[in-house]
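The following paragraphs lead the reader through a structural model. Please consult the sequence and the coordinates together while reading.

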Amino acid sequence: MIRVILRRIPMALLVALTVSILGFALLRLSGDLVRELAGDTAGPEQLAEVARAYGLDKPLPIQYLNWLWDLLRGDFGTSLFTGEAVSSLIATRAGPTIILALASLVVAVAIGVPLGVLAAANPNTFTDRLIAVVAVFGQAVPNFWFGLVMLVIFAVKLKWLPVAGDDTAAHFVLPVITLALSIMPQFVRVTRSGVLDAMGADYIRTARSKGIPTRRLYMRHALRNAILPVVSLSAVTLGFLLGGSVIVESVFSINGLGLLAYSSILSNDFPVVQAIVVIVSIVYVFLTLLSDAVNAWIDPRLRG
Amino acid sequence: MANPSDRAGNPTLSPRQLMVMRAVGHRGFIIGAFVTALYVFMAVAAPLIAPFDPLDQNLLAKLAPPVWQDGGSWQHPLGTDSVGRDYLSRLIFGARISIMIGFFAALVSAIVGTSIGLLGGYFGGRVDAVVMYIVNVKLAMPGLLVALALVSAFGSSFVTLVIILSLLFWDRYAIVVRTLSQQFRNQDFVLAARAAGASTARILFRELLPNLMNAVIVVLTLEMALAIVIEAALSFLGLGVRPPNPSWGLMISEGRQYMFFRPHLVIAPGVAILGLVIAINVLGDGFRDIAAPEDRR
């Protein structure tokens, strides 16, 4: 297991480094940071002074290295908008996003994987088709729209749930359903094809011929084979949710990372956007590394 | 599914004829194709079908109710929006934006992704390592956030929007094409071409590419569906298609504040997106079945 991780580390580091360069470059090249810092009324002398004070008069590669060095020491700079340290800004806003992402993932896996097994156990039957229809719907529905419609039905008309915010568990019900619906179809598909693959394999035929009950065959043997892609997909999805929940956060007014990124983008708050992009990417790289390790632990064949 | 048109039964049919026969017998494909064609027709013929100009404001007829609510009339079957524009006409013209942006984003990313995947899969070795590195970097970046930041920085004209969206979608083509060209590169038809002295470019584009086309088309439908949803999402967040253009995502965002007493302002554009995206998905799934029935699961 450790060997698997060690082998993947060079690529992971390279990817993380590249992402940091891209994150830095994309946002630095897309706007004039000095002008943002100094304000619209600043004259040329003030601009030069601001540039010197923030190290922005140096060549871009040097600026990048300085930024990276600060980053490695945990200093993400300060928000241009509020003057707060970016690290503490992110720390206070990460909570709701992490809760949202984890809860949606758990719900999607808890529903998607059994549906996938059910579909694989009855291929090309009515059950299979019905599950496919649910999956297509979940994949096709724009989640901001689905969230709004649910908001009107369950929060406004029926008054079962709160309309907006992130104070209580009840606030998370609709957003979690919305996000879970949109990520569930992939889990259904991956599980279904994994189980179908396994059911055709020799070891399942052997197990079947030994008289192992069908139910145990699915749960114990086939699902075990299908669980590897589910683990990988979970890692990828979690990484995606951390950076991709901006839409749902904005529909349900959840004060998480997504909404922070969105408002920072609108107000040209470069340091915050940069930090979020880089952190989310590095978390993603870490999660995929972790899922490789977990898979190697589940399946000894991958340890090679 | 029973298939009367198997190769064994019709030895005289060409693969293409077989595909057409299978297509005719595939219910999902036919329905998906029909609904998609309806949307395309709606987009192309929008000026002829739509009762009004989608941009014409009529401040005397703001928020007119739809025909099924009290005070509604057939003059505006879906009522009007907050500045008195005919909602049905905006909905019809909205198909243009969705389909154009979705299609071109999927197409541009198909060209980029297919080229990258073809290089990695065919050449292998160091070229492939570079390809996998680029794909990994793409996968690690939070695409939606980067897209939002780029739109905010570079604006959202049609061309910028298509380019930014295609940055989000090229990776799946690259992965699919890479895997397939790894399988193909040592098969007889490629080896024969190489032995006959064909240039690398010829092998890539005349031998390999035609064999990858079906898989690329399947991915294209999936990515086009996804691109339509993402365009709507960007427009909903105010960083996509600009007002007063009738993008469905933008219409949902504009209708949001009236959704308690005019819920159809939000529901109708959502249903329009949902119908188109489902149709394209079903069409793509059907095409996969038809193009490679032996891979069907």
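Predicted model: local features only at pLDDT ≥ 70, side-chain atom pairs only at ≥ 80, totals over all residues.

A:Leu115, A:Leu118 and A:Ala119 in H5(A) meet the H6(A) residues A:Thr127, A:Asp128 and A:Ile131, where contact requires C-beta atoms, placed from the backbone, within 7 Å.

Residues are numbered from 1 along each chain as its sequence is written, and chains are lettered from A and ligands numbered from 1 in the order in which they are written.

The axes of H5 (residues 86–121) and H6 (residues 126–140) of chain A come within 8 Å and cross at roughly 145°.

Chain B comprises eleven helices and zero strands, these being DSSP runs numbered from the N terminus (helices H or I, at least four residues; strands E, at least two). Its C-alpha trace spans about 75 × 50 × 30 Å along the principal axes. Of its 297 residues, 45% count as buried, that is, with 20 or more other C-beta atoms, placed from the backbone, within 10 Å of their own.

The contact between the chains takes 39 residues from chain A and 36 residues from chain B. On chain B, helices H5 (125–140), H6 (143–154), H9 (200–236) and H11 (264–291) each supply at least two residues of the side that touches chain A. That side has 30 nonpolar, four polar and two charged residues.

Methods:
Contact = placed C-beta atoms within 7 Å. Nonpolar A, V, L, I, M, F, W, Y, C, P; charged D, E, K, R; others polar. Buried ≥ 20, exposed ≤ 12 C-beta atoms within 10 Å, placed from the backbone. Axes fitted to C-alpha atoms, helices over the stretch in contact; angles between N-to-C directions.
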